[in-house]
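Biologist: Could you walk me through this model, rings first, then the pocket and a sheet?

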Amino acid sequence: MSGMNDAKGIWVFSEASDLMLETLGKGRELADKLQTELAAIVIGSNVQEKANELVKYGAEKVYVVDSPELEHFQADAYLGIIHKLVADYHPEILLVGSTRNGKPLAARLATRLETGCVPDCTRLSVDENRRLIGERITYGGNAIAKVTFKSKPQIATVPARAFEKPEKNDRNGQAVKVDFTIDPAKTHVVERKPLEVSSVRIEEAQYIVSAGRGLAKKDDVVLLQDLAKTLGGQVGCSRPLVEDRKWFADWIGLSGHKVKPKLYIACGVSGVIQHVAGIRDSKIIVAINKDPEAPIFEVADYGVVGDLYKIVPALKDALKKTLQ
Ligand SMILES: Cc1cc2nc3c(=O)[nH]c(=O)nc-3n(C[C@H](O)[C@H](O)[C@H](O)COP(=O)(O)OP(=O)(O)OC[C@H]3O[C@@H](n4cnc5c(N)ncnc54)[C@H](O)[C@@H]3O)c2cc1C
């Protein structure tokens, strides 16, 4: 694909609806700059309406692959479909939502198309040679890498909440149905279980007690829940507690929820830039960490150096007495 000079258009894909819109918004901005067409890919079952909706959010064309067999994300089938579409229509840029499914999909696609893929771009722009420039956080949040491409399609993945959702408008566009023969899936889904979701949206919480990897076991979350309950607040967490340990459904930070409570208590959270990016607007930040050098203390209004297993229950007891 590297010699693909006739490539044109910007395409976006995400199986996650909100991220699809955010990516579409960024795609629209880039398409306007390059004066080219913006297209989206929608794959699933009964997705015609969803496809029509994307036109209102800026897509001039939506390629729709609709089949009952595609109701749930399937890596091989989705990869085969997107690969075929891209190989047939030659977009110059493809933006993929950076989800657990989207990231490996983009990487596998890039390998098949013999092109590059820049993951987790928190900024995207184009230069005077129509080359995409992706900016991504690197070296544990201490630097921003600017990466560009030598080949097309230029594939980048986009994390959730990096870009704004666009407003609806009355732009004209069309949804194009594409027929595919879906190969039988190589994998079989045995069971689907929903993750626990809290009742109040964390963005709206006034008091947040947040867990980091300093919390040793899932059952210990109860310590933080007790403190949060005393305050009338909610429990949040850093990203590894969702991605690696699967204890929670959502995390706080650059690629997670941005919060602005009156009080944010970080327990066993190191406080690297990606986490701090999501809590900066908190009114008061309290950090509990046993490492006095932990970066969280640089942003904390109050810091407690010590073991969260001692401090959190003590804080809860003290608060209970004060609030009685
Ligand atoms: C593109 C990208 C986006 C990312 N986005 C996010 C994001 O949105 N949000 C996010 O959180 N992360 C994000 N990350 C991950 C981020 O880089 C860090 O890996 C993560 O924030 C670290 O989580 P942590 O602080 O819980 O764990 P660690 O960094 O392992 O820190 C654990 C802390 O707990 C302390 N500790 C251990 N035991 C105790 C104890 N008993 N009592 C008190 N303190 C204790 C330790 O001293 C340490 O400071 C992102 C990474 C990338 C590459």
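What follows is a short chat about aromatic pairs, a pocket and a sheet.

Modeller: Quick ground rules: this is a predicted model, where local features need pLDDT of at least 70 and side-chain atom pairs count only at pLDDT 80 or more, while totals for chains, interfaces and linings use all residues. Residues are numbered from 1 along each chain as its sequence is written, and side-chain values use heavy atoms, with hydrogens and water left out.

Biologist: How many aromatic pairs does a search of the whole structure find?

Modeller: Rings of Phe, Tyr and Trp (its six-membered ring) pair if their centres lie within 6.5 Å; planes under 30 degrees apart are stacked, over 60 edge-to-face, and the rest tilted. Searching the whole structure on that basis, the count of aromatic pairs is five.

Biologist: Tyrosine 63 and tyrosine 89 form one of them, so which parts does that pair tie together?

Modeller: The two rings are tilted, at 4.9 Å centre to centre and 40° between the planes. Helices (H or I, at least four residues) and strands (E, at least two) are DSSP runs, numbered from the N terminus. Tyrosine 63 and tyrosine 89 are 26 residues apart in sequence, so their pair ties together strand E3 (residues 61-66) and helix H3 (residues 75-89).

Biologist: Is tyrosine 63 buried or exposed?

Modeller: Buried means under 20% relative accessible area, exposed over 50%, and partly exposed in between (1.4 Å probe, protein chains only). Tyrosine 89 has 41%, so that one is partly exposed. Tyrosine 63 has a relative accessible area of 4%, so the label is buried.

Biologist: Which helix gives the most to the lining of the largest pocket?

Modeller: On a 1 Å grid over the protein atoms alone, a pocket is an open set of points where a 1.4 Å probe fits, with protein on both sides within 12 Å along at least five of seven lines; lining residues have an atom within 4 Å of a point. Of the 24 lining residues, those closest to the centre are Ala16, Thr99, Arg100, Ala249 and Trp251. Helix H1 (17-34) and helix H6 (240-243) each give two or more residues. With four residues, the top contributor is H1.

Biologist: Which strands are the edge strands of the five-stranded open sheet?

Modeller: Two strands pair if DSSP finds at least two bridges between them. The order is E12-E11-E13-E14-E15, with parallel pairing. Pairing on one side only marks the edge strands: strand E12 (234-237) and strand E15 (302-305).
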